[in-house]
Structures are given as C-alpha cells and as structure tokens.
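Subject: Structure for you to look at

Dear colleague,

I am handing over the structure we spoke about, with the sequence alongside. Please open it first, and then read the notes that follow.

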Amino acid sequence: MKLPFEKIAIANRGEVAVRIIHACRELGVRTVLLHSEADVGTRAYRLADETVCIGPAPTAESYLQIDRNVKGALSKGAQAVHPGFGFLSENADFAQACVDAGLVFIGPRAETIRALGDKISAKRLIERAKVPTVPGYMGDDQKLETLVTEAERIGFPVIVKAAAGGGGRGMKVIRSRAEANELITSAQREALSAFGSATVFLEKYLDRAKHIEFQVFGDSNGKCVSLYERECSVQRRHQKIIEEALSPSLTPELREQMSKAAVTLAETAGYNGAGTVEFLVQDGKFYFLEMNTRLQVEHPVTEMVLGVDLVKAQILTAAKQFVLWKDADLKPRGHAIECRVYAEDPYNRGLPSTGELVGLEWPEGPGRRFEVGFEAGDEVTPYYDPMIAKIIVWDESRPRAIQKMLAVIEETIIFGVRANLPYLKAILSHPEFQAGTMTTQFIQTHFPEGLEPKELSEIQKTFVAKAMPLASGGGLTAGNGGAVTPLTALAAPWRNSWRLV
Ligand code: ADP
C-alpha cells in the first residue's frame, strides 16, 4: 500500500540515521538528513536523498534545536520526522512542534512522551499499573535535610538520580550517611546544569541486579504487544556496552510476569509505536526502572531473534498502516548479541580516540549484521558519541553466538583510531559473561581500569618497525605524549588495537 508520505526527515546522525535511511528506501520513501556542519560527508550524508544543514557542530546549536529541525524538514517538503534515539527523540516539545507544523512525528504522542519521560511521573503511572518499583523517595520536598532523612530511611546504599536525567548520567551512589550531603548536593547541581531541572529522587541501590528490558510496541488503537526482552547488564558507568536477546537468566514464569507488566504499563500510558520498559532484576524479583519512548540503540538483537523490523514498523504505525504482530508471529529463535564498537583506547581507561578512520573492514557472513555510521576516510570527531558501529550476531544458541561474535571481532579491522575491540573480546571471554550470570557490577568488578597494556610480540614489533616509517614518515612516536608503553607507542594511522590481542 502506498504510504501517506513520500519523504521523511531524519533528525539524527551516525549509524541510526543510516538504519532509518535503509528502512525508508525499502519502503520507497525518500529521505532528508538534518545534519550539523561537522557531519557533512558522513555515511548518512552520502546515503540520504537530500540534506539540510541545521547548524554548527555543537549539539546544542544543531541536533538539539527544535526549531531548526522542524524548519529543515519543512524546507524540503518532508511530511514526517524520524527522531532516531538520543538528541530530541524523547523530547515532548519536539514531538509537539512537529505536529504543530503539520509533520507526522514518528514516535508516541507528545503527551505520552511527557508522562513517561519524567522519571517521577513515570513512576506514578507505573504504580497505577501496579508494577513493582525500587523502594525510594520521589517527593516534591527537595530540601537537603529531607532527602538525607529519606536516604537513611531507605537504607544505604542509595542511588540519587535526576528526575529529568537519561543516558546513565546524573546518578550517584551514596554508600553511607557521611557521603549523603555532598553527593545529593552535587547531584542536584549537575541535574540543573545537564537537564535544566534540579529535581532528584532516591532509590535503594540494588548492588547485584541484572538490567533486563522489554521491547513493547503499540498500534494506533492503543493495543500493545511485548517483543520479549534484552539483557543489558554489561555496563560501564551505567552505560550499556553489550546487549543480548533473550536474557540468559529469566525463568519462563518471570519472563511472563515482566512481559505482562511491560504491556500493562504501555497500555495504561496509551502507548503507540516502539518503546522499552527497563527493569532491574535481583533475587528473582523485578523492579521498574524507566520507560524509553523511542527506538533503542540495542533494538537489532530483538529484530534478529524475532525476525521483525522495528524501524519499518514505526514508520508504518505513523502512517496508520501497521498491522500489529500476532503473538504467534513473535516466537524467538536462537540468540543474538550486540557489541558497541567505540573509538577509544581500551589500554588507557577508554580514553576517546579521534581522527581519520583510515581503514575499516567488517567481515560479512551469515547471521552477522553491521550497523555502521562511518566509511574508510571518514573522521571520528570529538563532538559526538564515539560509537563507530554496532556489531550484531545471531546464532542458534548463546554459546554459538558468543563464539561467532569473538570470531567476527577477530576479523574486524579498524585502522586510524583506537577501538575497544580487545575490550569487547575480553568481556565476551570472561567466565562470568559466558555463564550468563553477570550483573550491572560486572565491568566495575572485573575491568575497572579497562585492559592492562600488553607487550608486543616479536612479530608485532617487526611489523610496527616496518610500517611506521611508511605510515607517518617518522619512527615510533608516543601516541599519548607521555610514558611510552609498547602499545601507545603506535602513532596514527597505524594505531590499530585489533591485532594486538
Ligand atoms: P538512564 O535513564 O540514565 O539510562 P536508568 O534509570 O535507566 O538511567 O539506569 C541506568 C543504569 O543505572 C541501570 O541499568 C543500572 O545499571 C543503574 N541503576 C539505576 N538505578 C539503579 C538502582 N536503583 N540500583 C542499582 N542500579 C541502578
């Protein structure tokens, strides 16, 4: 059936913009990329049918500007806007501004985003839906004494969070009464500067929990289904690194209960489109964390195990042409894992690494998917999230999927900037990850400092000695400008980390 829109504007960048372009093309819809000056010539820029520059590199002056995005979309005659994830994707004002300008916002309604976006109002909604939450304090009284008294009542450790927070930012774990004043005050200060509101709330800190989230999807009539779960317990500073579907540790009963809870919440909120209900699971009990009213970075693992296309489903829902999957269509098969590939130095505490991506090779093969925002010759700039790509694999079982991911990483080539591939390999090879018992403390416990620098083998030393004069016209120079470890001694463009494991 013909879609009601011929052109969709993409208010995003990088790999998710590419992902949306692919879905649009397959649906026969043209695309307009709304991009910053720094993103001219990126992969999404090259792939989009049309482009509009909406401002300079800093996100506050381009990707986060509601007006410029709306005007950019209108200027090229787009009829709908896909916000991707991050940036304005969960901004109710943006969703409303699109609608006010006569554009279809590909996502839930503005009022739904508003109700679920603020963590405090979301928690109230979930209490109405009778879904368990982590014990805590969400009161309006934000006086320091009150918050400290409440923290004591909850019992340490307690986590303090920004009500308007997101992306793992603005959270602090308070381990004792002695730390409470200082940490709460600094959380309030940071919340105000990062999210424009100093309101915080407190939760009991669950220190051996798994992060398990349910993908839900609602049609335009308010009926919602659950598309099973993803486990995202491998996190560094509350940010996910490796995700998988399904979780290796849910019993069928718990899965059923959580799935029902997620759907009840989505239906209570009148949800339409793709959304994710996040939970923490500890000692066989689950607790609601938050609902993300957008596509999730890790959506491909769900797509791989269920054989669905969530981005097309989002577009078709916005076009009022989506027929919701029947439960019988949603039977998970095999196991999928996603690794986030970052431009960072795994041997130097994950220090971001920028520069030209001189060479990139993604080893194609069955059950492998590469979501990539860059091509060889592109530059990783300091302006945005340093994620180069996501590698997703599918196989018939979890052990086979882990094995496949290890093999794919081994054959992946990234030249020019440092990448976290050795780090990902170390995580995937760890007995706790392989057993599937990891909690959100996994990275903190086993890899608090990233990886130890490694000595080069004789063969590697010979390779470097030969390659360096060719590559940079000079001998070995210290990449970190300081103490020369064998690895950091590799200067661009041969600063590869992939071979040195
Ligand atoms: P954000 O919206 O910033 O991503 P979330 O509330 O979703 O924040 O939490 C992100 C991560 O922080 C969780 O996956 C978990 O690892 C940790 N976290 C959040 N709340 C708690 C809690 N009460 N106890 C333990 N860990 C928590």
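This is a predicted model, in which local features need pLDDT of at least 70 and side-chain atom pairs count only at pLDDT 80 or more, while totals for chains, interfaces and linings use all residues. Residues are numbered from 1 along each chain as its sequence is written, and side-chain values use heavy atoms, with hydrogens and water left out.

I begin with the domains. The protein is divided into domain 1 (7-106), domain 2 (135-204), domain 3 (210-446) and domain 4 (458-496), with bounds that come from an automatic or database domain assignment. The centres of domain 2 and domain 3, taken over C-alpha atoms, are separated by 28 Å, and the contact between these two takes seven residues from domain 2 and four residues from domain 3, where contact means heavy atoms within 4.5 Å.

Next comes the interior. A nonpolar core is here a set of buried Ala, Val, Leu, Ile, Met, Phe, Trp, Tyr and Cys residues joined through side-chain atoms within 4.5 Å, and buried means under 20% relative accessible area, exposed over 50%, and partly exposed in between (1.4 Å probe, protein chains only). The largest such core has 46 residues, and those with the most contacts inside it are I8, F217, L227, I315 and W325. Among the elements that give two or more residues to this core are β1 (7-10), α1 (14-26), α10 (299-306) and β22 (387-395); helices (H or I, at least four residues) and strands (E, at least two) are DSSP runs, numbered from the N terminus. The largest share of the core, seven residues, comes from α1, and at least three residues are drawn from each of domain 1 and domain 3. Leaving out residues up to four places away in sequence, I8 touches C24, V29, R30, T31, V32, A78, A80, H82, I106 and I315. Another core, of 38 residues, lies apart from this one, and I242, Y347, A419 and Y423 are among its members.

Two of the contributing elements deserve a separate look. Of the nine residues of β22, nine are buried. Strand β22 pairs with β15 in the antiparallel sense over eight bridges, and it is joined to strand β20 (residues 368-372), also antiparallel, by five bridges; two strands pair if DSSP finds at least two bridges between them. A389 in β22 stands opposite V341, and A389 is the bridge partner of V372 as well. As for α10, seven of its eight residues are buried, so this helix is largely enclosed by the rest of the structure. Just after α10, G307 takes a positive phi of about 65 degrees.

Elsewhere, an open sheet of four strands has the order β6-β9-β7-β8, with antiparallel pairing. Strands β6 (136-137) and β8 (171-174) stand at its edges with a single partner strand each, so one side of each is left without a neighbour in the sheet. Within this sheet, β7 (residues 158-162) and β9 (residues 200-204) pair over five bridges, and K161 has F201 in β9 as its bridge partner.

The structure also holds twelve aromatic pairs; rings of Phe, Tyr and Trp (its six-membered ring) pair if their centres lie within 6.5 Å, and planes under 30 degrees apart count as stacked, over 60 as edge-to-face and the rest as tilted. The ring centres of F94 and F105 are 6.0 Å apart with planes at 90 degrees, so this pair is edge-to-face. Since F94 lies in helix α4 (residues 92-100) and F105 in strand β5 (residues 104-105), the pair ties together parts that are eleven residues apart in sequence. Y383 and Y384 form a tilted pair, at 6.0 Å centre to centre and 55 degrees between the planes; Y383 is partly exposed, with a relative accessible area of 46%, whereas Y384 is buried at 8%.

Finally, some backbone details. Most residues other than glycine have a negative phi, and most peptide bonds are trans. A cis peptide bond joins F156 and P157, with omega about 0 degrees, and another joins A245 and L246, with omega about -10 degrees. R237, in the loop between β11 and β12, has a positive phi near 45 degrees and is exposed at 61% relative accessibility.

With best wishes
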